[in-house]
Amino acid sequence: MSIAIVTGGSRGIGRGIVLSLARAGYDVVVNYASDAEAAKAVGAEVEALGRKALPVRADVSRAEDRARLIDAAYATFGRLDLLVSNAGVAPAVRADLLEAGEESFDRLIEINLKGPYFLIQQAANRMIAQAASDTPPKIVIVSSISAYTASVNRGDYCVAKAGLAMTTQLYAARLAEHGINVYEIRPGIIATDMTRGVTARYDKLIFTDGITPIRRWGQPDDVGRAVVAVATDLLPFSTGQVIDVDGGFHLRVL
Ligand code: NAP
């Protein structure tokens, strides 16, 4: 029996990861922040695949919620084989770097960076005890091409994602001695609620301008498959590794 926690597993990329893991034989703790119906629906899809699902409401930006989330996994399943830190938000309003306010910055850092940073700390401490006597668990951080791509109308988002890239390196370096590998998955432009409002703009970038060599929108399942590669131990001698799931966006082309 293998157990995963997927933060933000109720919608979008997280939902794609949950379903891919269920197909690969994982039981999944489906974390969400507010939309209980969506989490319940994903849970039903997992059960239909013959696996167990445990929806858990927890705001990753709150310390007590993070503790409750990890506790829920161990209380129900007695173990944790994979943490996927995926939950994240876009700025409520995209604002120019010269005008953007502190409120949005604080919100993005709390949810997209501080939350994952300390959730991983908490999970890692529990995993270390488990790793000593069992197959070592793994950690996946979902960052973004925004970790290295400057979008001057959402600097807060980019700074948080760049911080996640270093978070991956830090935990990979610290946890290697315990056999716990840490991976960063960098999605490109993926079709979810987060990108729905900018569909026309991204359609033009992808299909007219060719910003991604693979000329299509990414799907949550594309990210789910990359997580399954990690989850099924296909990258045992890699840690701190960045896995680009971006249709080739990161390539420099002349
Ligand atoms: P999405 O469709 O908006 O889904 C966000 C998920 O995160 C939902 O399940 C939501 O739950 C949950 N969530 C939001 N705030 C939370 C919090 N404070 N605590 C716990 N869960 C929370 O977003 P997405 O496009 O799937 O994005 C998922 C991740 O991929 C994010 O980290 C995002 O930055 C990253 N990403 C996305 C793209 C893209 O093109 N879509 C590209 C690169 C990276 P509720 O519904 O309950 O709020």
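**Pockets and ligand**

The lining of the largest pocket consists of 20 nonpolar, 17 polar and 8 charged residues. The model is a predicted one, in which local features need pLDDT of at least 70 and side-chain atom pairs count only at pLDDT 80 or more, while totals for chains, interfaces and linings use all residues. Residues are numbered from 1 along each chain as its sequence is written, and side-chain values use heavy atoms, with hydrogens and water left out.

Q: What makes a residue of the lining nonpolar, polar or charged?
A: Ala, Val, Leu, Ile, Met, Phe, Trp, Tyr, Cys and Pro count as nonpolar, Asp, Glu, Lys and Arg as charged, and the others, Gly among them, as polar. By these classes, the shell around the ligand has 14 nonpolar, 12 polar and 5 charged residues.

Q: What is called a pocket?
A: On a 1 Å grid over the protein atoms alone, a pocket is an open set of points where a 1.4 Å probe fits, with protein on both sides within 12 Å along at least five of seven lines; lining residues have an atom within 4 Å of a point. The largest pocket has a volume of about 1,100 Å³. Among its 45 lining residues, Gly88, Val89, Ala90, Tyr157 and Met194 are the closest to its centre.

Q: Where does the ligand sit?
A: The ligand takes up the space of the largest pocket. A molecule sits in a pocket if more than half of its atoms lie within 2 Å of the grid points.

Q: Which residues come nearest to the ligand?
A: Of the 31 residues around the ligand, the nearest are Ser10, Arg11, Ser34, Tyr157 and Thr192. A residue is near if one of its heavy atoms lies within 4 Å of the molecule.

Q: How much of the ligand does the protein cover?
A: The protein covers 94% of the 900 Å² of accessible area that the ligand has on its own, by the Shrake-Rupley method with a 1.4 Å probe.

Note on methods
Grid points are joined across faces, edges and corners, and a volume is the space filled by probe spheres set on the points.
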